[in-house]
Amino acid sequence: MNYNPTYPLTLLLLLAVFAGCDSADDATDPENQLGSYEFTVSGDVSRTLTGPIAQFGAATDPSTGVSGFGLSFGNAGSEYVAITRQGSQPGAGTHPIATFDTSTGELGPDEFIATYYTGGQVFVSSGGTLTLSKSDNNRMEGTISFTATSLLPTQPGTVTVTGNFAAVGIAVVNP
């Protein structure tokens with residue numbers, strides 16, 4: 001399948017928009033309306049990421065008819081993890097995270113790509129898994145494990161991101 005490289009970028013922008021949204025006070029979330037995550041980042045960047053913003057949503061571009069799905073963890077203004085694909089919301093089970101070839105932009109049908117962003121540096125997936133123990137319209141729960149390579153030739157590096165999450169569904173307005 002010839003995959004237009006602008007689709008992942010469009011999906012990432014979509015995720016950036018809803019990653020910064022919240023429907024409750026960040027300081028208190030007694031009903032877990034924002035979701036939660038705990039990830040370990042190792043390699044050329046090393047840290048633990050935890051937070052109250054774990055969300056997912058889907059949208060369709062009306063001009064192209066292309067549907068996209070995304071999971072977003074963190075605040076788009078600082079540091080976050082995003083998992084996207086062209087296609088609909090996946091069901092429970094184990095799903096491969098693909099290697100994103102930036103030179104061709106080609107992905108197979110319904111393949112996921114993962115992105116880790118920190119301090120101006122962007123890492124894109126070079127393989128991994130997304131395992132969902134629950135997936136319905138309101139909630140997704142599971143684990144991720146992926147390796148990612150820096151997009152910036154001036155800041156080369158590789159990281160591995162692993163951890164678990166409980167994400168909440170949000171309404172995404174189609175662009």
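**Aromatic pairs and a buried histidine**

Phe39 is buried, and so is Phe73; buried here means under 20% relative accessible area, with a 1.4 Å probe and protein chains only. This is a predicted model, in which local features need pLDDT of at least 70, side-chain atom pairs count only at pLDDT 80 or more, and totals for chains, interfaces and linings use all residues. Residues are numbered from 1 along each chain as its sequence is written, and side-chain values use heavy atoms, with hydrogens and water left out.

**Aromatic pairs**

- Rings of Phe, Tyr and Trp (its six-membered ring) pair if their centres lie within 6.5 Å; planes under 30 degrees apart are stacked, over 60 edge-to-face, and the rest tilted.
- By this rule there are seven aromatic pairs.
- Phe39 and Phe73 are edge-to-face, because their ring centres are 5.0 Å apart and their planes stand at 85°.
- That pair links distant parts of the chain, 34 residues apart: Phe39 is in strand β1 (residues 36–43) and Phe73 in strand β4 (residues 67–74). Strands are DSSP runs of E, at least two residues, numbered from the N terminus.
- Phe56 and Phe69 make a tilted pair, at 6.2 Å centre to centre and 45° between the planes.
- Both Phe56 and Phe69 are buried.
- One aromatic cluster is formed by Tyr37, Phe39, Phe73 and Phe165.

**His95**

- His95 sits in strand β6 (residues 93–99), and His95 counts as buried at 15% relative accessibility.
- Leaving aside neighbours within four places in sequence, His95 is in contact (heavy atoms within 4.5 Å) with residues including Pro90, Phe112 and Leu132.

Conventions. Helix = DSSP H or I, 4+ residues; strand = E, 2+ residues; numbered from the N terminus. Buried < 20%, exposed > 50% of the residue type's maximum accessible area, 1.4 Å probe, protein only.
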